[in-house]
Amino acid sequence: MLSARQLDVMRGSRTIVAGVDLCIDGGAALLIHGANGSGKSSLIAALAGLLPPARGAVCWRGANVRDDPARFRRELAWLGHADGFNGELTVAENLRFAAWLGAHATHANERVVLDRAGVLPLMHTRLNRLSQGQRRRVALARLVLAGKPLWLLDEPTEAIDDTGALWFAACIDDHLRGGGMLVATTHRPLAVDAARTRHLYLERCAS
Ligand SMILES: Nc1ncnc2c1ncn2[C@@H]1O[C@H](COP(=O)(O)OP(=O)(O)OP(=O)(O)O)[C@@H](O)[C@H]1O
Ligand SMILES: [Mg+2]
């Protein structure tokens, strides 16, 4: 379970997000909405441990993530605006490198996942030769292959076409049905089972 209590997030000297409380159990999703600049990316980065909260705490399975960050990272799959791929390596090489880093275990259905993601024909193409949407599909396939219980995703379907968005919605569905958790920022509606989904709407902080 992921929770946050009275979380404040600052950027420079400005409080961007103030007093956020949230709690996500296995099988549940939280979608974070808000205008440009309202603090969605800042909040999700704080949940992932990439920005230290100015106040409050993020807890994973009941313990402050600061107490055992390595354990949290083992169970966390993070996808931000930057995907961390090496543009000079092929898709296959990047995925192999991610697996070697522990970003994904050997997935029983790896080929099926890559096929459904539409990236199989791209496996021997260098990352910097892909379109934005193709690249994002590879990042989402890497996420699915990782098999981590907690997904923290900043605009996951950015640049993805409707077919890709449908594929990824099915992946989210499988993830949640398997007891996984999802927190995602999104401008675009994500087709997530409404019964499993809560929404958080951010407004720009005055300070
Ligand atoms: N590195 C930074 N240093 C200082 N201020 C920042 C930094 N990154 C973001 N901000 C400020 O924090 C505020 C929130 O930014 P954030 O990226 O979290 O918004 P967002 O809701 O994700 O926006 P978008 O919808 O455009 O992705 C903005 O006012 C922005 O100017
Ligand atoms: Mg953002």
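A residue is counted as buried if 20 or more other C-beta atoms lie within 10 Å of its own. By this rule, 35% of the 207 residues of the protein are buried. The model is predicted.

The protein contains six helices and nine strands. Its C-alpha trace spans about 50 × 35 × 30 Å along the principal axes. A compact globule with 207 residues would have a radius of gyration near 17 Å, and the protein agrees, because its own value is 17 Å.

Helix 6 covers residues 162-177, 16 residues in total. From first C-alpha to last it reaches 22 Å, close to the 22 Å expected at 1.5 Å a residue. Its buried residues are Phe168, Ile172, His175 and Leu176. Seen down the axis of helix 6, these residues fall within an arc of 90°, so they line one face. In an α-helix there are 3.6 residues a turn, so residues three or four places apart point the same way. The other side of helix 6 carries the exposed residues Thr163, Leu166, Ala170, Asp174 and Arg177. Cover for the buried residues of helix 6 includes helix 5 (132-146) and strands 3 (29-34), 7 (150-154) and 8 (181-185). Just after helix 6, Gly179 takes a positive phi of about 95°.

Note on methods
Residues are numbered from 1 along each chain as its sequence is written. Chains are lettered from A and ligands numbered from 1 in the order in which they are written. This is a predicted model: local features need pLDDT of at least 70, side-chain atom pairs count only at pLDDT 80 or more; totals for chains, interfaces and linings use all residues. Helices (H or I, at least four residues) and strands (E, at least two) are DSSP runs, numbered from the N terminus. The radius of gyration is taken over C-alpha atoms; the globule rule is 2.2 Å times the number of residues to the power 0.38. A residue is buried if 20 or more other C-beta atoms lie within 10 Å of its own, exposed if 12 or fewer, and partly exposed in between; C-beta atoms are placed from the backbone. The expected span of a helix is 1.5 Å times one less than its number of residues. The arc is that of the directions from the helix axis to the C-beta atoms. Two residues are in contact if their C-beta atoms, placed from the backbone, lie within 7 Å.
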